[in-house]
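Hi everyone, thanks for coming. Please have the sequence and the 3D view ready, and we'll walk through them together.

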Amino acid sequence: MRIDVITIFPELFDAFVRTSLVGRAAADGLLEIAVHDLRAHTDDPHRSVDDEPYGGGGGMVMTAPPWLAAVAAVAAGGSPWRILLSPQGRTLDDAKVRELARRPHLLLLCGRYEGIDERVAQTVVDEEISIGDYVLAGGELAAMVLIEAVSRWIPGVVGLPDSVESDSFGRGLLDHPHYTRPRVVAGLAVPEVLLSGDHRAIAEWRRAEALRRTRARRPDLLAGGAKSCKTSGEEG
Ligand code: 4FV
């Protein structure tokens, strides 16, 4: 999978593209990430990318010409699915992450200031995506969230493929609680069933816990109906 990113702060991605899951995926050749500086596509001596908003009001707006030039240059020779990260987009969720993970090439546009001139979204963007109903200073962190979430679905990136499948939202449920050594923490012991070695009972307890938590914390998820799937180790 290839992911291109256009931003005025390419340095924000330096560590991200070399670290942890995304870094490993890139090192293993399962993922190709290229980060491009928008200012390299300006043609004025000040390399400016913003201007005053028509209609007045506070703040600055990113001008369209550098974006049109940058997207054309970065997309040349390919047909990437072009995503603008913005609060006006559809909210990213598990279903959208899985859909994007099936695409061979993404191009992510990261805005700054009050936003980008609307003609960019109207002409060189296929989809607007938001990571949540709050306002960031820029789209870069949203792009990183999307890249990491999507990367986990690239075959071979996550060691235990079915752990991706059986992860939380895949089943429409929140995850069950997890425990590890030491046995007692702050006077709280590990649930006995997890020490029983009875895998059927353990799987049943985990499912019941996932259901209980989902009912308590995210009943909206149940509206979609918990998908009955077998998590790894859960017998018939
Ligand atoms: C955002 C979000 C977000 C809005 C103005 C960047 C900022 C600034 N992007 N999900 N929430 N973007 O807040 O994706 O240009």
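Predicted model: local features only at pLDDT ≥ 70, side-chain atom pairs only at ≥ 80, totals over all residues.

Residues are numbered from 1 along each chain as its sequence is written, and side-chain values use heavy atoms, with hydrogens and water left out.

So, the whole chain. It has 8 helices and 9 strands; helices (H or I, at least four residues) and strands (E, at least two) are DSSP runs, numbered from the N terminus. The C-alpha atoms fill a box of roughly 70 × 40 × 35 Å along the principal axes. Of the 236 residues, 40% count as buried. Buried means under 20% relative accessible area, exposed over 50%, and partly exposed in between, with a 1.4 Å probe and protein chains only.

Now a contact means heavy atoms within 4.5 Å. Take the contacts between residues at least 6 apart in sequence: 76% of them join residues at least 24 apart.

On to the ligand. Which residues are closest to the ligand? They are Arg112, Tyr113, Ile131, Tyr134 and Leu136, out of 18 residues that surround it; here, a residue is near a molecule or strand if one of its heavy atoms lies within 4 Å of it. Strands E5 (81-91) and E7 (127-130) each supply at least two residues of this shell, and E5 gives the largest share, 3 residues.

Look at the backbone next. A backbone N or O atom of Tyr113 lies 3.0 Å from an oxygen atom of the ligand. For Ile131, a polar backbone atom is 3.0 Å from a ligand nitrogen, and for Tyr134 a backbone N or O atom is 2.9 Å from a ligand nitrogen. How much of the ligand's accessible area does the protein cover? The protein covers 94% of the 360 Å² that the ligand has on its own, with areas from the Shrake-Rupley method and a 1.4 Å probe; for residues, only the protein chains shown count as cover.

Last stop, helix H1, residues 20-27. Leu21, Val22, Gly23 and Ala25 are buried there, and the buried residues of H1 pack against strand E2 (32-37) and helix H5 (140-151). After H1 comes Gly29, with a positive phi near 75 degrees.

That's my tour, thank you!

How values were computed: Polar contact = N/O pair within 3.5 Å; in protein donor to acceptor, adjacent residues only side chain to side chain.
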